[in-house]
Amino acid sequence: MFESARSIISWLGDCAKVIAVKNNPVQWTTPLGLPVVQPYRKLGRHLIKTSLQVLTLQRETDKVMVKRQRTTFPPNFVHSLDGSHMMMTAIACKEAGLSFAAMKNPNSTLLRSKWSPIPIPHRTILEPQGQDLDYINIAHSHLLHSDWAKLDKLLTKSNSLRVKHILLKLQNDYVISLKFFKWIELHNPSLLTLETNSIILHILTKNRKFVSAESILKKIIGSCSCDVNLHSKLFDAVLHSYRMCDSTPRVFDALFKMYAQMKQFRNATDTFCRMKEYRFLPTIESCNMYMSSLLSFNRADIALPFYNQMRRSKITINVFTLNMVMNAYVQLGKLENAVQVFDEMQGMRMNPFVSSNNTLINAYINEGLLTTTIKLKLTMEKNGSPNAITYNTIIHGFC
């Protein structure tokens, strides 16, 4: 029924969405007969007025979180089957008079693998007390009520510790978090440390606000370009606040992608290597951007080893990736390798782009292989894919 595990995950997610959009939590019964109900519901605000301030508490409402019901159902369902299978195996072993033992591999790697990721560190920040705690609660209340006039009066008493805790307190609401961050950036940017910037990056990326996150990253990297150790400090700051913000690996992908966009190739490579140490991998889109940036600077000598690392890391490639690998081989004058990649593309049932064919045509002409050029052109015409660049390249070659 399904072609791959990814198709099963997609199907389970679609089923959960159908249930959740009707405001019903996803529920099922395991093979052991255990009923399971996903508890993810939207949080509402409950105001408590005191003589000194207005406190806001969060509590669950009757409305389910459709997105979270959808995204968490596939892993929750599969884990429930795994647990049931293990329990049933243990029961069968007991009935047969056998001892049962099991070891869980949390990283889903083969036991014969010699490599294991470094545990993600967890760093906490100093808990606020006394006046700090009062300030944070009052500022938080003003932010929830968008009372910026009262916040302006608190600005002189603000410090970096208070700003961090306010952001952590606001992290479930990325809109208010970003407004507060920009307000601090406008009025007192000295309060924004690398750790503070990391917290807002986590908040934005886990809410998939990648454009806003990339804008902040660009400012950080651009404003401290003279600091040769910035890339290491920034990665550490993001890493150490990762668990504190219950973040997502996409925050590291955003960092890697920004270095690729800004043509900071060494920092991009270092970030990629450090990500792998913690079993974080960039998206194929970010990898393709990095390779494209390298090739625009004629750095095929870096692009090809990076591609090999992608394959070893089991990052799923696409036709864009292979097209750039072809370009890299052509840049290095390795036409046979480029042709092999072209054949590999077809063998993987990927339809080569017109630009893929044009790359080979240009390479053939530069090598004087005019007959091979015409054969490829005829093949392209059968598939209806030649364009003006194809014919212009051929005409220029024959002239």
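**Close-ups of a predicted model**

**View 1. Arg250 of this predicted model sits partly exposed, with a relative accessible area of 26%.** Its salt-bridge partner is Asp253, with N and O 3.6 Å apart. Asp253, on the other hand, is buried, at a relative accessible area of 4%. Both belong to helix H10 (residues 250-261), and being three residues apart there puts about one helical turn between them.

**View 2. Arg162 and Asp132 join side chains in a salt bridge, 2.6 Å from N to O.** Arg162 comes from helix H5 (residues 160-170) and Asp132 from helix H3 (residues 130-144), so the pair ties together parts 30 residues apart in sequence. Arg162 counts as buried, because its relative accessibility is 9% and the cut-off for buried is under 20%.

**View 3. Asp236 and Arg274 form another salt bridge, their closest N and O atoms 2.7 Å apart.** Here helix H9 (residues 230-240) supplies Asp236 and helix H11 (residues 265-277) supplies Arg274, so parts 38 residues apart in sequence get tied together. Asp236 is partly exposed at 24%, and Arg274 is partly exposed too, at 23%. Across the whole structure, the search turns up eight salt bridges.

**View 4. The largest pocket has a volume of about 2,200 Å³.** Its lining takes in 42 residues, with Lys67, Thr71, Lys206, Arg208 and Thr248 nearest the centre. The lining splits into 16 nonpolar, eleven polar and 15 charged residues.

**View 5. Helix H13 (residues 300-312) runs 18 Å from its first C-alpha to its last.** Its buried residues include Leu304, Phe306, Tyr307 and Met310. After H13 comes Lys314, with a positive phi near 65°.

Note on methods
Residues are numbered from 1 along each chain as its sequence is written. This is a predicted model: local features need pLDDT of at least 70, side-chain atom pairs count only at pLDDT 80 or more; totals for chains, interfaces and linings use all residues. Side-chain values use heavy atoms; hydrogens and water are left out. Helices (H or I, at least four residues) and strands (E, at least two) are DSSP runs, numbered from the N terminus. The expected span of a helix is 1.5 Å times one less than its number of residues. Buried means under 20% relative accessible area, exposed over 50%, partly exposed in between (1.4 Å probe, protein chains only). On a 1 Å grid over the protein atoms alone, a cavity is a set of points where a 1.4 Å probe fits but cannot get out, and a pocket is an open set with protein on both sides within 12 Å along at least five of seven lines; lining residues have an atom within 4 Å of a point. Grid points are joined across faces, edges and corners, and a volume is the space filled by probe spheres set on the points. Ala, Val, Leu, Ile, Met, Phe, Trp, Tyr, Cys and Pro count as nonpolar, Asp, Glu, Lys and Arg as charged, and the others, Gly among them, as polar. A salt bridge is a side-chain nitrogen of Lys or Arg within 4 Å of a carboxyl oxygen of Asp or Glu.
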